[in-house]
Amino acid sequence: MLRAAAAAVAAKTLLGIKAKEAMDNGELVSDDLVVEMIDEALKKPSCQKGIVANLHADKPPKDVTVEVQKV
């Protein structure tokens with residue numbers, strides 16, 4: 001999802017620009033930005049039944065889990 005958002009910079013999407021900026025600077029993409037990206041993904045027809053997200057290799061941080069559940 002992050003690579004796709006960064007690739008969307010060509011389409012000048014705000015989320016793509018923010019994600020690409022963070023990745024280009026060697027930073028982690030913020031939890032808030034990831035939650036926004038998930039929210040946008042769920043609005044697409046291809047995701048009407050939901051999405052599968054591997055947010056963290058072991059266990060997602062509690063605040064991300066709570067935010068994703070809210071979305």
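So, at what angle do helix α2 and helix α3 pack, and how far apart are their axes? Quick reminder before I answer: this is a predicted model. Okay, the angle is about 145 degrees, and the axes sit 11 Å apart. In residue terms, α2 covers 14-24 and α3 covers 31-42. As for handedness, the crossing of α2 past α3 is left-handed.

Who's doing the touching? From α2 we've got Leu15, Lys18 and Ala19, and from α3 it's Leu33, Glu36, Met37 and Glu40. If you sort that contact by class, you get 4 nonpolar residues and 3 charged ones, with no polar residues.

Now, the core. The largest nonpolar core has 9 residues: Ala5, Leu15, Ala19, Ala22, Val29, Leu33, Val34, Met37 and Ile38. The elements putting in two or more residues are α2 and α3, and α3 has the largest share, with 4.

Let me pick out Ala22 from that core. Leaving aside anything up to four places away in sequence, Ala22 touches Glu27, Leu28 and Val29.

And then there's Lys18, over in helix α2.

Conventions:
Residues numbered from 1 in each chain as written. Predicted model: local features only at pLDDT ≥ 70, side-chain atom pairs only at ≥ 80, totals over all residues. Heavy atoms only, no water. Axes fitted to C-alpha atoms, helices over the stretch in contact; angles between N-to-C directions. Left-handed = near helix turned anticlockwise from the far one by under 90°. Contact = heavy atoms within 4.5 Å. Nonpolar A, V, L, I, M, F, W, Y, C, P; charged D, E, K, R; others polar. Core = buried A, V, L, I, M, F, W, Y, C linked by side-chain atoms within 4.5 Å. Buried < 20%, exposed > 50% of the residue type's maximum accessible area, 1.4 Å probe, protein only.
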